[in-house]
4 protein chains.
Amino acid sequence: MAEQPRLADNTDDLAQQFRETRLLTEALVSSLSDADASLQSMDDTSPAKWHLAHTTWFWETFLLRDHLPGYCLFDERWPFLFNSYYEAEGERVARGRRGMLSRPSLDEARDYRTHVTLAMEPLLARSDCADLIALGIAHEQQHQELLLTDMKHGLFQNPLGSEMFAGAPPPPSGADADNADWWEHPGGVAQAGHDGSTFAFDNEGPRHRVLLQPFALARRLVTNGEWLAFMADGGYSTSSLWLSDGWSWVQAHEVTAPLYWQAGEAGWTQFTHSGWQEMEAARPVTHISYYEADAFASWAGKRLPTEFEWEAVAQRQGADAAFAGHQLDIAASPLPVGGTDLFGDCWQWTRSAYLPYPRFHPVAGAIGEYNGKFMSGQFVLRGASCATPRGHSRTSYRNFFYPHQRWQFTGLRLAMDL
Amino acid sequence: MAEQPRLADNTDDLAQQFRETRLLTEALVSSLSDADASLQSMDDTSPAKWHLAHTTWFWETFLLRDHLPGYCLFDERWPFLFNSYYEAEGERVARGRRGMLSRPSLDEARDYRTHVTLAMEPLLARSDCADLIALGIAHEQQHQELLLTDMKHGLFQNPLGSEMFAGAPPPPSGADADNADWWEHPGGVAQAGHDGSTFAFDNEGPRHRVLLQPFALARRLVTNGEWLAFMADGGYSTSSLWLSDGWSWVQAHEVTAPLYWQAGEAGWTQFTHSGWQEMEAARPVTHISYYEADAFASWAGKRLPTEFEWEAVAQRQGADAAFAGHQLDIAASPLPVGGTDLFGDCWQWTRSAYLPYPRFHPVAGAIGEYNGKFMSGQFVLRGASCATPRGHSRTSYRNFFYPHQRWQFTGLRLAMDL
Amino acid sequence: MAEQPRLADNTDDLAQQFRETRLLTEALVSSLSDADASLQSMDDTSPAKWHLAHTTWFWETFLLRDHLPGYCLFDERWPFLFNSYYEAEGERVARGRRGMLSRPSLDEARDYRTHVTLAMEPLLARSDCADLIALGIAHEQQHQELLLTDMKHGLFQNPLGSEMFAGAPPPPSGADADNADWWEHPGGVAQAGHDGSTFAFDNEGPRHRVLLQPFALARRLVTNGEWLAFMADGGYSTSSLWLSDGWSWVQAHEVTAPLYWQAGEAGWTQFTHSGWQEMEAARPVTHISYYEADAFASWAGKRLPTEFEWEAVAQRQGADAAFAGHQLDIAASPLPVGGTDLFGDCWQWTRSAYLPYPRFHPVAGAIGEYNGKFMSGQFVLRGASCATPRGHSRTSYRNFFYPHQRWQFTGLRLAMDL
Amino acid sequence: MAEQPRLADNTDDLAQQFRETRLLTEALVSSLSDADASLQSMDDTSPAKWHLAHTTWFWETFLLRDHLPGYCLFDERWPFLFNSYYEAEGERVARGRRGMLSRPSLDEARDYRTHVTLAMEPLLARSDCADLIALGIAHEQQHQELLLTDMKHGLFQNPLGSEMFAGAPPPPSGADADNADWWEHPGGVAQAGHDGSTFAFDNEGPRHRVLLQPFALARRLVTNGEWLAFMADGGYSTSSLWLSDGWSWVQAHEVTAPLYWQAGEAGWTQFTHSGWQEMEAARPVTHISYYEADAFASWAGKRLPTEFEWEAVAQRQGADAAFAGHQLDIAASPLPVGGTDLFGDCWQWTRSAYLPYPRFHPVAGAIGEYNGKFMSGQFVLRGASCATPRGHSRTSYRNFFYPHQRWQFTGLRLAMDL
């Protein structure tokens, strides 16, 4: 990631990145009403307004309150509303009740943002704050993606098929059908994890050696068309393809297709940020659970890659450069657009459980709750999706979700032993 | 109810009542944002916006669609959204998912109202529609009260203690402490139910004879102060005072006070449409379940009245006149204000289950689903609350709720045997 | 009930009735293994062993402990196990966990019974105990019926279709097809409730006057054949026939037939105490919920009777005599056999909610919890079933269950207005 | 494991092992009544009787039915009852309803066992069946341990504190307090997994190389006394020590101590197979969840080992010899007795998720469902407990449970980085 300077050494760039990140978040909600922005469709998702305010609370708490002498809270009652899960920061609104916050209004949340963004200016030049600012930017970028996927899920509940961005192109992009072969890797000892010269989350390190067997990784993602073949072959009703928990999940929820798919008279349609659209067979399949990804791989006679296999290939391919021009970008359009590569289409399930790397230790204090405490029961996803902000992707990035979750842009890339 | 002419004979009055009712509903939500109006806090409640649109759907379906030749639906997709429970009118949004309707917006719901209100004009003069129009007015009045109580419950969820009407007087009014004795009744055969000369719901008839034992009914409602005495005496922790289902309910939900009460450093406060207010001991207790009402009566060595005892006293007291000037009224303030009598403070739990009167038959068609199909598991409440619209109360009126519900303005009036 | 002397005046008869009741309970479980007798299939039911011990606990607690000087408890830990719901008697095993009591064993429960039965002898002659003894007998008779219906439900869970009484005749008896007309009643003031000269539960009084409209009551019960016609006419899928709560229940549980019915290749079969048997169309339908009974009556263009209509007819018919020879009887067979009349086939749902009669007051102490605290949410059933012990039936008897429950022998008798 | 010959090469030894395994299972239930043996206390556990029959079904299905010409099923209806989770073998009783099987009786289950055990004789000498027989033995040994832990949980529900083995010594044994230091390991490439010369489950292979960092593994297990120190220091109420899912679990279930602990007036007691016993501080702590193990390690400033760290140390220590003389053994006592080492006290949570080894493939058919389909959401435990049958332990053995489960004999051994 040579194009990304060490953030703490260049506060000018950091300040600019801070301002652009703040603006991008606001651009994402520009078409939403207060009612849209207050919608919470399930416990896993949060209202857009809450994302606006929570990311602001993060700056107010860990930067302004802790590092700007004399700063007064915008509203003393709001930390209770907008703390997400930091036990060290005290009590908070129950996660599943965030949709009850019709007040403060969307406009008040915007005022809160402006107030905090401006108050941050004196800190942007302070090198002792640079690491925390870099973390805050990364944090807000994560919530940009969540805001988009949560809002998609919220609008999906509406029988009217509401849209978030009228006229936007359908994400993600089509796969290159001529590119359907494999990257081969001879195995052996490889380096995994972040090398420490630029910003990364704590869970991406420490960098360490891993031992790989010879393997191959598909050059492209599994497509909607391939998924239809899986479905046509009885994929969702063949118990032998499924993990035991996956089979229970399929039966309990009567799952017969990816999330957001709907069978119509004229074929399958997909719910997108631009409303209901015709499904295109050549595009990567998205919104599938780990259980579905694993069952598909079994059906295909292949398997999911480990996170280290994925990373080893990504390092070799110099993949970071590949996604320039994709993803969320304030300088371009705030709409999700797609790419065709390791990054930028969808997050890719790996068969690796989300666990600590050797010698990993969370930092002390509330910030230490950022990643480490989630290390049970989840699987790692690698890459980045069409909803991931530009500059937020890395070869070492570890996203993680529970195996039944699929409201993110989740897809799969096959692997096999050599 | 001599002051109320038979509606079907006087279409001028009916038309005027129609227009005022429509306006009052809109006045009730004048201070709400779209986000406020989209809030659904539990399965029992509905968003204010939904009430606005559902009452409009009722007019559009049963009057305009069925009786105005050539009428086109405002939006063909909306009946699915705004049908409440009429099976005969087809599928509909699940009750607990009404809060997902961020769209249509509050403004669109208002446009829908205006469109339908104006479209109704040709029908207002037609005598063949008068009975249905009277029913539609009564229906919308019921939803005015529900809108207020549902919104109260919604705003209550907000840790900020949001208000619906700033500066409104606290409902309901104080009880007359000098009036604490009893109305006595010698028993015998009495007439119960509506006499048919004016509008009433089907469940209020047929009028029939009932046999009463000598009894007494309290001249005033149980007050907050008396409820505090019950609490201080261990009312909520003395199993022998409670019905078995009530005791299970108290334990499962850890109930220790009426809904909307909160113990603070300076005494008890109550959540109201105007936010948190100091509790006044002389006011009638409200927001109690049947279980609580019954336990209190046991503690007091008294009992709840039957619905027929209540009605017999109300007939004798000429109670209808007593509540002139109270309740919701577009000509006055849209705010709930209180009264001191049988009507206008709070609904009063009776010990009568909600069951059909002798020879009751629902009418045919969807309208027949209005009342009859709810006749199991609920108890009758009599009177009217501070949130009941003026003109909507009757001596024969039968409100009904499940014994655990308490988000309505529910209170109690004691009775005893003579 | 002139044939039944006032129990408290004739301690010889009472003593004999006590001994026979104790023996009958034991006879009912003679074919059960310890594992059978420990089975609890849902929260509503209890293991047979628990019934054996609970009825014994009742004698030990309210008679021996309270009235026999120097009596020592059989085991001091057992009251915790075998108290049912008497809050005044302290903590107890959670209702849904009675199936966890693999110990004490069935043999130990029998020893407990023998010990307590013998210890009761000195009290049987004491006139000051006669009222409590009569209550204890009635209590144990109630549990005899519950033991049979609970055990039926337990064995029904077994895919092997286990039997409880091999070779028993199928209950209940066939209806007299020639007897399909109506008893007519002119209405007017009638007396209802127990007259007090013999034993009755507290909830059967006080005797009081009720006002009846002219009505007719069917001379026979609705049959399986008639129920099949209801099913064939779409009864279970026609929402307009159902109460709202009933329709929710039908859909949530996918109900399409009475409990214990199973469609086979050669027609319908029914699970009975003697295993799976062919369904006979002429027999009374049983194991239906209130919701089903009410929907059937709607479909038939009739209604359910009130409990007072039922009682008025039963008084006129001198119904008490009619059931001589039916029901559980230690002198005859311990197997349920059927009758054809008001008593002895199945309990009959009425449209009356289970509520207190005028001037009803529970007695003080734990015994006062017997009936009164259940007076919300349930409906009254009248008559008696093939599993009701002989001598336990009365014209004034009020059985009560929740409207969704149907594991008892519940059926229906139609009524209509005249 | 040099003492264990390759099973398929020595059918005499295998036959003997088969017979002893069958006898041991029966010995374990010798003190149980039919009611005891029918008890199911939660969905995770099964009745003892079910274990007796299910292990027999395994032999009948995969050996007798598939390999013994002319064999007739003992009862054609029983496979539906006693199949556990093999989808390929058809429908079966829902897992949570196994406690409803009061019939067949315990005696009938024993007859089934005898019948199948004898019918197996002709197959015991057939070398083509040897691999399946070895699997069946291992399968039955697993169920021996489950039978013991499930029965413990069942008897624990009984307020009487029932015992399974009167007079048995309390498991597991005391730890050697003088042995509280560490085994150190320099890291590097190690071999993991089974080497294939003797029986092992499919999930223990393929054998492969793993890369280890320098680390140390505690020479002894964490003790009850150490756990008390953790509790005294607020371990269960300090959110920062816990994984996020763990903290939710602690709060939802109000966990304040290991399972089976109870605070009494004279100190802590523990429920054991021999009833309630005084807790001994020097013994290894057992019956803890992964969440608790992880929180304890955080509190101690250490961590849990990975499964490969554990295995590397066990290989070095020649650990297999260490557990001679411990564990379940038909030749000795059928009671669980304890050991002090890597095997024989309790299963030890590792921080490794239960995932497939490189190039793992389940075998085809129903047997392939044995292990592979459970590879999501669970953690690996290593070692063996006091309830593990002798001969069932291996250095490569991988046990697995969900992180909240703790009814097995689960404990922990600390690790740290060097």
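Predicted model: local features only at pLDDT ≥ 70, side-chain atom pairs only at ≥ 80, totals over all residues.
Chain A is divided into two domains, with domain 1 spanning 11-156 and domain 2 spanning 182-417. The C-alpha centres of domain 1 of chain A and domain 2 of chain A are 26 Å apart. Their contact draws on 32 residues from domain 1 of chain A and 34 residues from domain 2 of chain A. About 2,900 Å² is buried between domain 1 of chain A and domain 2 of chain A, and carbon and sulfur atoms give 68% of this area. On the side of domain 1 of chain A, the residues that lose the most area to domain 2 of chain A are A:Glu145, A:Lys152 and A:Phe156, which together account for 25% of what that side buries.

Polar contacts, by contrast, are found across the interface of domain 1 of chain A and domain 2 of chain A, in 17 residue pairs with both residues at pLDDT 80 or more. Three helices of chain A, α1 (11-28), α3 (48-67) and α7 (130-156), each supply at least two residues of the side of domain 1 of chain A that touches domain 2 of chain A. Of the elements on that side, α7(A) gives the most, with 17 residues. By class, the side of domain 1 of chain A that touches domain 2 of chain A comprises 18 nonpolar, seven polar and seven charged residues.

Between chains, the contact of chain A with chain B takes 30 residues from chain A and 30 residues from chain B. The area buried between chain A and chain B is about 2,200 Å², with carbon and sulfur atoms giving 55% of it. A:Met100, A:Arg103 and A:Leu160 supply 32% of the area that chain A buries against chain B, more than any other three residues.

Two salt bridges are found across the interface of chain A and chain B. In a salt bridge, the side chain of A:Arg103 meets that of B:Asp36 at 2.7 Å, N to O. A:Arg103 is also among the three residues named above for the area that chain A buries against chain B. The count of polar contacts between chain A and chain B is 12 residue pairs, both residues being at pLDDT 80 or more. The elements that contribute two or more residues to the side of chain A that touches chain B are α2 (34-37) and α4 (78-82) of chain A. That side of chain A divides into 13 nonpolar, 10 polar and seven charged residues.

Chain A is superposed on chain B by a rotation of 180 degrees with 0.0 Å of shift along its axis, at an RMSD of 0.0 Å. In chain A, the C-alpha nearest the axis belongs to A:Ala35, at 2.0 Å from it. Of the interface residues of chain A, 100% are also interface residues in chain B, so the copies meet through the same surface.

Terms used:
Residues numbered from 1 in each chain as written. Chains lettered and ligands numbered in written order. Heavy atoms only, no water. Domains from an automatic or database assignment. Contact = heavy atoms within 4.5 Å. Buried area = accessible area lost by both parts, 1.4 Å probe. Polar contact = N/O pair within 3.5 Å; in protein donor to acceptor, adjacent residues only side chain to side chain. Helix = DSSP H or I, 4+ residues; strand = E, 2+ residues; numbered from the N terminus. Nonpolar A, V, L, I, M, F, W, Y, C, P; charged D, E, K, R; others polar. Salt bridge = Lys/Arg side-chain N within 4 Å of Asp/Glu carboxyl O. Least-squares fit on C-alpha atoms with pLDDT ≥ 70 in both.
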